[in-house]
Amino acid sequence: MNSTELFNLLNDFLASKGIYALVLILFFLGMFGMIVCKNYMKKLMSMNIMQVSIIFFFLCFAQKEGGMIPVLDGVTNDPGAYINPLPHALMLTAIVVSLGTTGVALALLMRLKDKYGTVEEDELLGRISE
Amino acid sequence: MRNLPVLIPILPLASAMLCLALSRINKNLGKYVVIGALTVSFASAIGLFVEVMRTGETIHYYMGGWKPPLGIEFVIDEMNAIILVAIAAVALFVCIYSQPFFSEKTRRLKRQKDNSNYADGTTWLEKGGFYALYALLSAGLLGMTITGDMFNLYVFLEIASISGYGLIALGGDKSVMASFRYLLLGTIAASFYLLAVAYMYSITGTLNMADMAMLLAAHKNSPNVFIAVSMLIIAFGIKMALFPLHGWQPDAYTYAHPAAAPLIAGLMSKAPALAMLRYMFYIIGVDSPYVAKALTVIGFLGACGIILGSVMANAQRDFRRMLAYSSVAQIGYIAVGLSLGNAYGIIAAVFHILIHAFMKSSLFMVIGAVRYRYDEVLISKLGGLNKHMPLTTVTLVIAALSMVGIPPTGGFFSKWYIIMGSLESGHYFYLVVLIVSSLLNAMYFFRVLETVFINKDAELEEVRPKGRFELPLQMLVPIVLFGIVIIAIGVLNAHIVADVLSLGLPEVLAI
Amino acid sequence: MTIISIRPFLAVGVSLLAAFLIMLSGKRPNLRESFTVAASIIKMLIVFSMVPAVLEGSVYEYTLFNITDTVGFTLRTDAVGMLFACVSSFLYIPVGIYAIGYMRGHHEKEQTGFFAAFAVCISAAVGIALAGNLLTFFVFFELLTVATYPLVFHARTEEARFSGRKYLIYTLSTGQLLLAGTGVVYYIAGTLDFKAGGFLTMDMAPVWLLQVLFFLLTVAGAVKAGLMPLHGWLPSAMVAPTPVSALLHAVAVVKAGAFCIIRIIGYVYGPSLLADLGAAQVLAWLAVFTIIVSSLIAMKQDNMKRRLAYSTIGQLSYVVLGASMLSPLGMLGAMYHIVAHAVMKITLFMCAGAVIVTTHKENISEMNGIGRRMPITFGCFTIAALGIAGMPFVVGFISKWDILLGALEIGQPLYLAVLVVSALLGLSYLMPVCYIAFFKKDETGEFAEYGEADKRMLLPICLTAALSLILGIMPNFGVHLYDLAEIAANAVTAGFYESALIVTTSFAGGALL
């Protein structure tokens, strides 16, 4: 296998699956942040990153080559010509949900900050057990 | 009659929206609307249950008249009909139970140093806020159980979770951190669930559960199914606090608001457990090789959870935390029942979901009642409880015996069906686990009973005045009622199993 | 003939109802005690009313509801069940009356809970006797465990707490083994209904499984019956009030254990299967060991109740030994020994309790000359003690004689030797008590002020002592308990020992003479 073939292989992979690889990296980046960060605010931000990666994932697999936006414009009635709108609709809901979750989380963090003056996990654990 | 299914989740949902606004007008109005909505939900659930039993057919309800797979579908078969009744009953009675915590007549005279800083405000905002969250949680749990749509399940899951975070955070200082940690883990679970949905959706193009089951039949060996199954284990594993994904649960149950803890502890892990059962047996199906492997894993985790949860429960001094660890063990029972993968196993799992909902919530109601009167939660402070609160103690004894698995309380029979299932599938290992866990359960529950009956009366300071009875009637009636229900379920288990649960089994396993 | 009748359930239910009423009437002691007495009498009448039909070979049977999806909650009055039910429901009356006198004389606390738990215990004992299948049996078995627990920790001292724990550890853990065994039995046999001669067969499961299963099932009974080395809880449980000891060690708990073993041997496995498996042999050897060792330990005990407890351990092993001989006469002796030992041991315990309440003495060495102050109490004690040792004309002789003949029947002279030795040992640990009480001089003179025990305690003692004499002379006195045992023993061993009937009747006649 020479370098051109290898390049083509990589090219094909990136063209067809590359976006998924990126989504996956994003997802695990978020998870990694949630596990590793000691600061609760950072944990929350990592959580958002993770949620966004899932939204990307849905949007990615809804794509179709040569599909057009799912609005009937009188040109064709063939469903194959349009992209599937359902994942987009689902992700609207998911975005709302993640917004709600983030809102609650922020409210909780504000309570923690008010009460203990910090959102660092180590310091919090120390102050709570006092 | 035709629209009964939709009333069940929608009414609590609507009442949650109205609750705050109405509370602004009159402090109690919002609460009454929520109780009213839950009552109607409960009545509709019973109506549906009777209807399903009478006709013997699964009820399908199409939201807005849109037929599946396009529209959202509500499905009520024998299995979830009875669970719906249980959820609606627990939600309603715990709601009634919660009232004195927010009543002006029973304001606390004084506060003990610990355990006292849960929300008990009587302003419209605090009262209305609590009941709005409570109604949302109930709506979420009911919705998760009734829905026949995979994405709808996600939405209801999140409704239940987000309101659950709020209710846990109302429980005082430590609860905020517990709630935040649960939020992080809960979101991971929800994300994994969404990913699982995505993987299944990408090969079938449908979100309706029944439709999915039909279309997946052609893809039993697809790698997508493998990924979906593993992600479902993580997602529901976290949500139902399956060992070792239970990290959030002890803190969350311990520090949750005492008026909402019975609902949270009793049901928040049960609805996901039922959803897991749906996915494994009704949507993907046991004939998929991945599900068979997944069940082995679930069973093993469940068995570990049973043993370690019971051991941890033995080490606790706080009654609530002991109950929380015991929940880890009890979820293990459900997981083991699931993993057996035969008719008796599923029956045992669903029966345990049912009975455990009542056992755990009645135990949390009991400790909530002690906290209400004395602001105490330690086991050592329960000495002589039978003299101060005799009826509450009766329920405590019944629920404890049921947790240990002494006949004729309900807890014994889920054990019996698990034994039957494990013999049928030749897993003698689970028999041993079950025996050991019963003994461990007996150790920590009889320790509590020993404290109550043998120890010298604990020095207790009343923080709320004693009324005519040991507790306000709103609290006493649900507590006593649940004690009776635990025995009733045990006595009636033959009917529940033979006439209800075994009719709702998946076709491949039908007896 | 099977008679469908709810009467067995009434017999069980009446004292459960009484327990409930007792809980409610805690503030009025006289009303509360009248419930105890009324329940005991009604219960006895219901049980006795079923005896004639059972003697004619009928059984009363009733299924109240299904206990699981396939197994019924069934009570069935076969002969051996009736035997045990008669004993426990009848002895409930004297013990109940005695308990009232004792508890009041001793000014015990928490009497309401005590009498309620007491009533539940008797319900459970009758339920165990009449249970028609293994799962119903298990339900009552666990109920008995749970209801006895509050009686054991009644004193609420550290010692009582410890004994309660010990009791629970022993009984609950083996109860779980019984449950597992029940599950396996149901799985391999597809039924749990007791059947005289057993319902398990060799082709249902591999031999090793049947052997293991036998021990899973019998270990719960062995613990309750105090079979060594599983007897540890019994002496510690002596910390309970004396009526409880009387009930626990004479009627309900230990007998339930022995009865469990009879049920498993005779009605689940059956003698012929067990003879093939050889599993009962192990049980028999354990029983032999227990009989000898417990008598030796009993001799060393100074505390009266502990001495009696070890005597109980030994006597219960007679039942186990008789049953595991698998011969008709051994089985008959085992069954009748349930009656005999109940009557005698209850007398002994009630006497010990009467001494405790009247003089507050628990140790035998302190009882010098007490018999002259309490002649009736110690007269009854002596009768019962002689019976335990196996003297003719006291009821203990009849059952022991049958077990002895059973040993001859299967040609095991060693068992014979053990039985004779143990009778001598029995004499040597109970007779000194009588000697000390009657003939040693009360040097300190501290008993001079004491008189006979309270009448409420004395009456039951005389009743049971008289009964042990009467049954010793006429074993069929009253409700034909000997016939019941004979019917049951023949039913169990029929087909295994063809000559069973002839041999038994001839010896029964001999015993009658």
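pLDDT is the predictor's confidence in each residue, from 0 to 100. I start there, since I am reading a predicted model, in which local features need pLDDT of at least 70, side-chain atom pairs count only at 80 or more, and totals for chains, interfaces and linings use all residues. Residues count from 1 along each chain as its sequence is written, chains are lettered from A in written order, and side-chain values use heavy atoms, without hydrogens or water.

**Confidence**

I looked up chain B. Its mean pLDDT is 86, and 97% of its residues reach 70 or more. Helix 5 of chain B (residues 150-169) has the highest confidence in the chain, at 91. Helix 15 of chain B (residues 385-388) has the lowest, at a mean of 81. Helices here are DSSP runs (H or I, at least four residues), numbered from the N terminus.

**Two helices of chain B**

I then took helix 6 (residues 173-204) and helix 7 (residues 209-216) of chain B. They pack at about 60°, axes 10 Å apart. Axes are lines fitted to C-alpha atoms over the stretch in contact, and angles run from 0 to 180 degrees between N-to-C directions. Which residues of helix 7 of chain B make the contact? I found B:Met212, B:Leu215 and B:Leu216, against B:Met200, B:Tyr201, B:Ile203 and B:Thr204 of helix 6. Contact means heavy atoms within 4.5 Å.

**Chain C against chain B**

I noted 30 residues of chain C in contact with 29 of chain B. I found 2 salt bridges between these chains (a side-chain nitrogen of Lys or Arg within 4 Å of a carboxyl oxygen of Asp or Glu). C:Arg161 forms a salt bridge with B:Glu450, with the closest N and O atoms 3.5 Å apart.
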